[in-house]
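Please read it alongside the sequence and coordinates shown here.

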Amino acid sequence: MKQLLIRKLQKIGPVGIIIRVVLIWFAIAFLIVPNINMIISIFVKDGRFSTDVFNRLLSSERAIKALINSFILAFSLVISVNVVGVLLVLFTEYLEIKGAKILKLAYLSTLVYSGVVVATGYKFIYGSTGFATKLLLHIFPEMNPNWFTGYFAVMFVMTFACTSNHIIFLSNAIRGIDYQTVEAAKNMGASFQAILFKVVLPVLKPSMFALTILTFLTGLGAMSAPLIVGGQSFQTINPIIITFAKSNYSRDIAALLAVILGIATMGLLAIMNKVEKGGNYISISKVKSKITKQKINNPLINILAHATAYLLFVIYAGPILLVILFSFTNSEAIASGELSFRFLTVKNYLRLFTANDAYKPYLISLTYSILAAVAVALVAVVVSRVIQKYKTKFSATLEYTMLIPWLLPSTLIALGLMTTYNRPQMIMFNKVLIGSSYILLIAYIIVKIPFSLRMVKASFYSVENSLEEAATSMGSSPLNTMIKIVLPIIFPAVISVVALNFNSLIAEYDMTVFLYHPLLAPLGPVIKAASDEEASLDARTMVFVYSVILMLISSLALYFVYGKKKSLKKLLKIVGGTNK
Amino acid sequence: MIDFRNIQIKYNDFVAIDNLNLTINRGEFFTFLGPSGCGKTTTLRSLVGFIQPSGGSIFVEDKDITNLPVEKRKIGIVFQSYALFPTMNVFDNIAFGLKVQKFSKDKINQLVKSVADKVELSTAQLYRNISELSGGQQQRVALARAIILEPQILCLDEPLSNLDAKLRVGLRGELKRLQRDLGITTLYVTHDQEEALTLSDRIAVFNKGRIEQVGPPYEIYNHSASEFVCDFIGDINRLKGSLITRVIEQTQKPLNVEKEGFIRIERVSAHKMEAHDVVLAGKVIEREYNGIYSKYSVDISGECIKCIEKNDGSRYFEEGESITLHLNSNDIMQF
């Protein structure tokens with residue numbers, strides 16, 4: 001037994017042993033201990049087991065209402081997002097709609113305009129002093145200027161902000177349809193509607209199941225929209241968790257709410273996994289032909305379809321255009337919600353590059369997201385290599401451990417870190433991490449591990465074994481083979497992962513709000529603060545500039561990924577994964 | 001040269017190779033032939049060092065290499081997928097092994113160009129990306145990469161299976177010529193009997209992890225050692241008891257009526273071959289026209305016998321027409 005262990009260690013080598021030790025430490029310290037610790041903090045009071053937290057949760061009207069609201073939001077979003085998502089995909093991929101390319105550009109905008117930025121943008125446009133509200137007040141002077149708040153506002157923002165997954169996955173699914181099946185149906189006399197409902201949409205069913213669950217989870221874990229446009233009347237779990245986590249007295253209720261959210265997430269992901277295993281309807285055709293856009297012959301339906309497509313275009317493109325326009329106006333225009341040539345200025349942009357308080361949040365966010373995106377890619381490469389190369393119990397356990405953050409809402413991860421590392425812990429060499437500048441970086445890395453691992457692992461598996469064998473047979477060492485053969489092949493995928501992670505972290509809010517250093521506030525909290533009623537006009541002005549620059553950066557990153565090699569698309573097809 | 005001694009390869013409880021013993025001579029073109037999953041590639045990979053046998057030893061030039069690392073075995077390999085490095089151009093692919101062995105730049109240039117000549121790759125092609133090459137050119141690069149380090153053994157794992165039929169036939173000849181010129185001991189894995197018969201000095205026919213027969217192509221084809229070998233190579237007719245009885249009646253050949261007899265379809269003819277032919281009358285059930293020849297399925301007393309006739313201008317038989325088949329009893333094999 002002992003000899004076997006020694007032989008195994010010899011095979012792994014000293015570098016391999018060090019890598020494994022570091023990975024084990026990382027997994028225990030950041031993926032296991034904080035979560036266990038948080039559960040303990042809920043149920044252990046003064047060294048004794050207690051279920052008192054349940055009574056306190058049940059007696060908190062606010063918390064219960066938030067819980068109910070979250071489920072109402074999740075259920076309503078499933079319907080609204082699916083309807084809008086399917087329409088978007090049909091308009092851009094299946095039906096012959098005039099100007100579909102321009103429409104698609106607007107529909108794709110959620111990929112670069114999301115989260116806290118989109119909620120803030122909508123508030124600026126539709127809020128009490130917003131451009132759209134002022135416009136509506138001219139037409140309906142009696143209307144309530146605070147109309148854009150509560151359940152309706154949250155639903156509106158989230159319905160149009162959460163269609164990114166539909167655009168990516170459903171478009172892929174519709175493109176995967178063999179057009180010959182449509183032609184066969186036509187040949188057998190099927191009508192336009194019959195083909196749509198009996199041939200095309202059923203093929204999308206498996207993707208729709210997965211998207212439904214993802215949408216439900218997004219609704220359940222909603223943070224920015226309820227926080228910014230929900231108002232007092234419509235608060236959900238995550239914003240309440242933030243409020244409760246601020247006080248020592250209610251932190252255990254916050255943790256319990258996060259655990260409830262986590263359990264719901266795990267349950268739904270388990271269902272999704274089962275649905276995924278059920279398989280997709282993959283075309284069995286050997287000579288598949290590309291889908292051709294269908295003309296709507298019924299003039300009434302055709303007009304209706306065009307009208308809906310362009311209404312959606314206005315909804316998607318409107319706020320973005322206004323954000324861009326307002327970014328070139330002074331604070332007077334923003335305060336009054338009026339657009340006029342006399343308010344035009346480039347001062348806001350100049351300020352971004354000259355005023356310390358204006359560019360500091362940007363620099364901080366850029367630094368955090370670049371560092372985290374690169375670090376998590378490195379972790380994913382190392383872990384994927386261990387998993388691919390050594391099919392042992394250790395590598396299987398390591399893989400499952402690394403996927404833990406996928407099951408947990410980011411608020412729960414943040415709370416776990418907060419409750420664990422707010423005091424010295426042996427596993428962290430007695431260092432207190434809370435209050436430090438690097439806890440946020442660690443949190444970003446943790447939350448991005450599952451997505452990165454799935455993507456990078458898939459790229460490792462796409463490297464043919466025979467390539468490595470060929471190199472070995474020519475005398476190449478494992479390290480040389482890794483550097484010269486494997487890494488250059490997986491490099492495009494790794495770069496895609498870095499770019500996508502960078503994109504989703506640059507204006508991150510959900511975790512940042514718990515963990516950021518008070519002197520190093522990143523963009524997420526800064527943008528959110530600017531949407532508050534008491535925020536200064538200067539701060540509100542700068543948010544427009546931040547949003548425009550964010551969209552630019554995100555577009556560039558996506559171009560880098562999509563436009564160049566299409567490696568992401570290829571990978572998405574392989575892993576069918578989602579970017580958490 | 002190469003000695004497989006009592007080789008056993010197991011995957012958990014599944015025995016992929018069972019007690020394999022085989023000797024391959026220096027300079028020989030030796031082929032492992034068999035259906036998918038019979039263990040031919042597994043045996044080849046154990047020789048290269050990608051698979052560690054569960055039992056037995058492999059000797060090369062009387063040296064035990066069973067536990068020798070892959071990179072020290074001096075065995076070149078061409079993979080079925082070619083395994084060309086997609087991030088490198090043709091030159092870098094061929095030069096990879098030389099760079100690993102830290103050859104000088106000049107020497108690398110000289111060797112790559114010389115080996116490119118041998119496999120008929122032009123200088124312009126050396127600087128192309130792998131993806132810009134045709135299947136046949138990729139195969140040449142894979143071959144050049146495998147021989148540049150002057151290995152003592154060259155292993156080819158179904159190297160022609162990704163190519164179209166015509167190119168396959170062309171490259172087959174080139175492979176044989178190159179092997180003769182280099183004088184390198186070559187192990188060739190294939191499931192294509194025609195490839196095996198045309199290329200090899202000797203063939204080992206694999207079945208379910210065991211070798212059924214080893215021998216030169218002529219012997220394997222004409223004197224198959226088992227029903228499996230006989231059935232796997234070429235097209236055969238199965239002669240059941242009643243037909244065997246008729247053969248015995250006409251020729252007094254001591255055949256066993258309890259066992260099936262096997263005869264290759266080209267050894268049955270609609271025309272008289274020799275004086276002591278066995279003659280069987282029947283009716284044409286089906287005729288397949290194939291350009292060079294026609295294949296007939298003939299019903300003889302309820303049993304189907306196939307034969308082929310060259311399309312040399314003589315009349316052909318229609319379906320339903322009476323036909324008399326001729327065969328030589330010495331061509332009947334029984335196991």
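## Surroundings of Ile248(B)

Beyond residues up to four places away in sequence, Ile248(B) touches Lys253(B), Leu255(B) and Val257(B), two residues being in contact if their C-beta atoms, placed from the backbone, lie within 7 Å. Ile248(B) belongs to helix H10 (residues 241–251) of chain B; helices (H or I, at least four residues) and strands (E, at least two) are DSSP runs, numbered from the N terminus.

## Basis of the model

This is a predicted model, in which local features need pLDDT of at least 70 and side-chain atom pairs count only at pLDDT 80 or more, while totals for chains, interfaces and linings use all residues. Residues are numbered from 1 along each chain as its sequence is written, and chains are lettered from A and ligands numbered from 1 in the order in which they are written.

## Domains

Chain B is divided into domain 1 (2–232) and domain 2 (236–331), with bounds that come from an automatic or database domain assignment. The C-alpha centres of these two domains of chain B lie 39 Å apart.

Chain A is divided into domain 1 (54–97 + 115–296) and domain 2 (351–580), and their C-alpha centres lie 24 Å apart. In chain A, 29 residues of domain 1 are in contact with 24 residues of domain 2. On the side of domain 1 of chain A that touches domain 2 of chain A, H13(A) supplies the largest share, 10 residues. By class, that side of domain 1 of chain A has 17 nonpolar, 10 polar and 2 charged residues; Ala, Val, Leu, Ile, Met, Phe, Trp, Tyr, Cys and Pro count as nonpolar, Asp, Glu, Lys and Arg as charged, and the others, Gly among them, as polar.

## Helix packing in chain A

The axes of helix H5 (residues 115–126) and helix H14 (residues 299–327) of chain A come within 10 Å and cross at roughly 80 degrees. Axes are lines fitted to C-alpha atoms, for helices over the stretch in contact, and angles run from 0 to 180 degrees between N-to-C directions. H5(A) is therefore roughly perpendicular to H14(A), a term covering 65 to 115 degrees, with angles under 35 counted as roughly parallel, over 145 as roughly antiparallel and the rest as oblique.

H5(A) contributes Gly121(A), Tyr122(A) and Ile125(A) to the contact, and H14(A) contributes Pro319(A), Leu322(A) and Val323(A). By class, the contact comprises 5 nonpolar, 1 polar and no charged residues.

## Contact between the chains

The contact takes 15 residues from chain A and 17 residues from chain B. Helix H22 (465–473) and helix H23 (478–505) of chain A are the elements giving two or more residues to the side of chain A that touches chain B. H22(A) gives the most, with 7 residues. That side of chain A divides into 7 nonpolar, 6 polar and 2 charged residues.

## Confidence

The predictor gives the complex an ipTM of 0.78 and a pTM of 0.78. The mean pLDDT, where pLDDT is the predictor's confidence in each residue from 0 to 100, is 90 for chain B, with 100% of its residues at 70 or more. For chain A the mean pLDDT is 85, and 94% of its residues reach 70 or more.

Over residues 573–580 of chain A, pLDDT stays under 50, and the model has 20 contacts beyond four places in sequence for this stretch. Where pLDDT is low, the predicted coordinates should not be read in detail.
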